[in-house]
Structure formats: C-alpha cells, structure tokens
Amino acid sequence: MRPFFLPTFFLCVAALLCCAGRIFSQNGDWVVKVREVGVEDGLSSRFVNRIFQDSEDFMWFSTSEGLNRYDGYRMEVFHPQRIGGRVAFPFFIMEDCASKIWLSSQTVRPIGDRENRYVWTLDMLDPISRKIIPADSLLPFPLEDLTQVGSIPGKLILFGTRHGAVFAYDGSVFPLFGAQEWGAITHLGGWGDGTVYFVSGKVLRVIDQSGKLLYRADLPKRLLELNSNDKGDLWGLFLGEGGEKSLIRLFSESEQTLEVPLSPIFDNHDPDLFRWLVTPDGGLVLGYYGTLLLLDSQGNLILDFPKKLPNSSEFLRLTFLYFDHSGGLWLNNHSGVAKLTWNPSPFRNFLHEESYSIRGLGWSNDSVLLVANYSGALLLNIRSGRQIPLPFKEAYGLGVSRDKEGFWWLGVHSKQFLRISADFKTLDIIPLHIPEKWGSEQSQIDCKAPFTDSRGKIWLGTSNGLGYYDPGFGKALFLHPGPRFSDLQEKSVNCFLEDEKGLWVGTSGGLYLLGPDGEVRSCVDALRHLSIYFIHRDREGSYWLATRGVGWCTGIRSPGWSRNSTQKPA
C-alpha cells in the first residue's frame, strides 16, 4: 500500500461538475436498479439511521422501533431495551471476530464537577442467544475517556481515548498504541489486513496490528470526517479557512493526490445533511436531500442518480449511506431503505438529439465512425463522444462505404455521390448520369447506398435502381437500364451483402441475388412485398433482414428464404 498525502498538485474537478451538459449526457450509459425494503417487508419503522452487513451477509437496519436483521426474504426484529440493552437507537453497528454485534451510541452527561461531555454507551448482542450484555466493563479505562469507536468488520473492535491511546478487542481488549501527548483520538478505523488509521490533533497515523507506525502526515486543514473502503482508499472531508469544503484522498494504492472541491454542488446546502462514501473501486458517492452523484477514482462525475430515479427528492432522504459486500449502495428513503445497483448499459447513446436521423455508418478506425445523417456527415469518436462535422454540407447524407483505395463514398440527396479522401480533407463530386428517356424524373433521384465488392467494383444504390462507378467514363456514375436489370429499375436500392453465392441487394421490392456483372440471378418471391433496409449473414449461415412493411426483423437460414424456410432461391 502506497501512502501519499496532500497536494503538490490538485486535480480540481470543479469544471467537470459545472459542465453538466457534457457529463450528464453519459447517464444513458448506465442501468440503475432499485430494490426497496419497507414496513410491508417487516421493517419495524421507516425511520432508519444506520445500515450494516455482517460476515454472514445479514443486513442490519437500526430504526426508531428496534434493530432489524434481514436475510433478503425475512425480517427479524430485536428490541434491545427489552432484552437488557441500553442502546435503543445505535449510532454505530459493528461486528467482532466471534460474530457478536456491537451497538453504540452517545449521550451528553455531566462528568463529576466538570461540564457536560458526550459519553459512549456500548452493548454487545449475541444474535443466536438473543442476549445483550453491557460491554463497558470490558474496557481497561473509564468510559468517560472513550472518544471514538471503530472496527475492522469481523475482526477487531477499535477504541480511541482522550489521551491519544488506541485499543482493540478480539475476544479481549489489548492496547495497540499507547497514550501520547498529542490529544484525543477524533477519527478511527481500519482495513481487512489489520491496518488501523486514526487522527489525533492534526495528525493522521497508520499503524499495523502490532502497533508499529507505518505512516504519519500532518493535516493542514480542519478535518470533519474520514471514510474508506476495504481496498485501503482513505478520503477526508475538510473545511478550509474560508468555509469552503473539499474531499481529499489521503491514503491509497494510487500515487496521485486528488482534491474534489464541493462548492460547485453543495455550497448552499446544510453541511450537516451532506453524506458521502468511498466506493469499492476508490471513487466517491456524494449525497444530499434529492441529490446523489457517483464519481470515479479520478473525481470525474459519471452518474447522476436522480436522472434515473422517479420522484428523487422524495426517494433520496439520504441520512445514511452504506456499501454492502456486493457493491450495492444502501440508503434510507421515504419508505424505509433501498438498495441501488448500477451497471454499464449494453447500449451507449450517441447523437441522440432530435435533429439527427442516422442514414449510414462506416468505420474510419477502431474508435471513429463516419456518420451520414440529415445534416450531411460527421466523424464520431465513440470513446470520447467527440463530434467533428465534415467541412462539406451537401444536403442529406444517405449512405456510407469505403473502397479498396481508402476513399470514402457518401451518398447524398442531391443526385450525386461524394468521394472523400482517407484523411477527410479533399472531396470529389461524382454526379449521377441519368438516361435521357427518364426525363423529369431525374429530379427525384437520391443516391443512397454505395458498396465496394471483393473485386473492387463500386456499386451504387439509388432511389431509382442500381448503378456502378465507371472510372473510365470520366468519373461518371450511370445506371444500367436493360432486360437483365429491369427488375431493379424504379426500385429503391437500400443495402448490399456479398458472399459466395453472389451479391445480395435489398430493395424496396424485396431481396435480389446478382451475378458479377449485376445481372439478376434470382429474387426471393416471399419477400417481394417487403422493403429490405439491412442484410447480415451470421456465422451459422443465417441471413438477418431489417425490413419495413411488417415492422419486424427476421432471421432466415440459408438456403430457405420464406419465414418458414421453405422456399429456395434459384
């Protein structure tokens, strides 16, 4: 574990938090699931102030009407005061190495002739015998000297004193760190490997289970709260001299110091209602009434939960947050408690503005797409989401293909194809050569589906039939009327697929198989009434067609071509 402390360089995320339009657009990349547990599930009260999971995966909920243990199906309610306990509404719930549950709370009491002071109450619950015993008598020091409790779940219960000493319990209490002059222990916790961290005065210390000092660092700001995960990522909530609040990563496997200022989000909110946790992967969850944000380990905002939850201001009461062993986030809400889980969506949304109608896609490299849409064309980096409009606006972009020389072909609305260089810097306009006998119909023709076959021949689908590019004919494109092609004339040619059988062409009047010169070899009669917009052949030899006319996408196994796979092509 590599410790580091406090900024030589601060990675400020204020700008990211303010750029809501860019950040929140990523919400489409997550699927959030909610599981609520309330009084209808046996919860004794909807007012929950603590959540805990023990080593046997039972969930414990501390409520105003008792302590609840939940196995995912059944709720068992303990009433501590009815079985000898003194802690009715636990401030901490912890587990020791013998699976006993420790309950603690603080009350204000007068200590002798001195002024009032917060004094801890400690009870130990045996879930099997359902007995509670006071744990105060186990301590080798007066209870009024106890200033902080903590735990390494399932291993050690930790105690800090006003004299700077740290004790641990693993069946009996033993000293970890002797009393020092620096003052009371104000923050205390530990990790699964037995490492313990604590703060006294303005100093953070990390020790091993034998009490050996592993790390020491001075705190230049006022520390309000510490939180960590099981991996050893330790974050602190700090208050600056001007009242500004920030979260600083104090100790981590990472080598990078990170400070997350909170003023862009929570500056006008009551700090007592602000809740936060360190995520299992070292990021942060930040919560306030009606607000819940997920940050990654670099401080980047990746998920705004209210955008995924209905009635978030009512749902997110957020007086307590807790991560269970599976990484699910538990919180208290209007009905009791709820568990949130989130996973990357199998779909990521790009270009989801209403102005976009995607008509064609082509890969430029492993992360960049050439997109044809009703605004022309643009490049899209699918990793960063960055969009780069191409410097030509030639009406609608209707299709994309790439030839063997690396040129991009873009079909457009205005009776022409565009040939674009591989670096997207130069453009050739390839006009559509239309037979004179078609007359005025030429004004209605769209160029929409370029395709390069295995021989390098460039086929061009239009709204009025099939064509190809002839480089020897002055870079002109013309259509081929004639008996061998007559079935394709006046049909919109939408898509192509080449395999060992020949060239498949999807049209507004069904699916055709062409020979090497474009002659029609066969037509799938069962599909003549359908408009075919996309065709794909999978590894098993099935052909998948996207159609319009019956509103479905079907898989058809070769050599059958009807819905029931009964008709074979000629």
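Trainee: What should I know before I start?

Mentor: This is a predicted model, so local features need pLDDT of at least 70, side-chain atom pairs count only at pLDDT 80 or more, and totals for chains, interfaces and linings use all residues. Residues are numbered from 1 along each chain as its sequence is written, and side-chain values use heavy atoms, with hydrogens and water left out.

Trainee: Which residues line the largest cavity?

Mentor: A cavity is a set of points, on a 1 Å grid over the protein atoms alone, where a 1.4 Å probe fits but cannot get out; lining residues have an atom within 4 Å of a point. Here the lining is Phe-58, Arg-69, Asp-71, Arg-74 and Glu-76. Asp, Glu, Lys and Arg count as charged, while Phe is among the nonpolar ones, and the lining has one nonpolar, no polar and four charged residues.

Trainee: How many aromatic pairs are there?

Mentor: Rings of Phe, Tyr and Trp (its six-membered ring) pair if their centres lie within 6.5 Å; planes under 30 degrees apart are stacked, over 60 edge-to-face, and the rest tilted. The whole structure has 20 such pairs. One of them is Phe-91 with Phe-92, edge-to-face at 5.1 Å centre to centre and 85° between the planes.

Trainee: Why is the pair of Phe-92 and Trp-120 called stacked?

Mentor: Because their planes are at 25°, with the ring centres 5.8 Å apart. Phe-92 lies in strand S6 (residues 92-95) and Trp-120 in strand S8 (residues 116-126), so the pair ties together parts 28 residues apart in sequence. Strands here are DSSP runs (E, at least two residues), numbered from the N terminus.

Trainee: Is Trp-120 buried or exposed?

Mentor: Buried means under 20% relative accessible area, exposed over 50%, and partly exposed in between (1.4 Å probe, protein chains only). Trp-120 is buried, at 1%, while Phe-92 is partly exposed at 24%.

Trainee: Which residue has its charged end over the ring of Phe-407?

Mentor: A charge sits over a ring if NZ of Lys or CZ of Arg is within 6 Å of the ring centre and within 35 degrees of the ring normal. For Phe-407 that residue is Arg-419, 4.7 Å from the ring centre. Lys-457 likewise lies over the face of Tyr-468, at 4.4 Å from the ring centre.

Trainee: How many disulfides are there?

Mentor: A disulfide is a covalent bond between the sulfur atoms of two cysteines. The test is a pair of cysteine sulfur atoms within 2.5 Å, and the count is zero. As for cysteines, Cys-495 is buried at 8% relative accessibility, and Cys-523 is buried at 14%.

Notes:
1 Å grid on protein atoms, 1.4 Å probe; cavity = no way out; pocket = protein on both sides within 12 Å on 5 of 7 lines; lining within 4 Å. Helix = DSSP H or I, 4+ residues; strand = E, 2+ residues; numbered from the N terminus.
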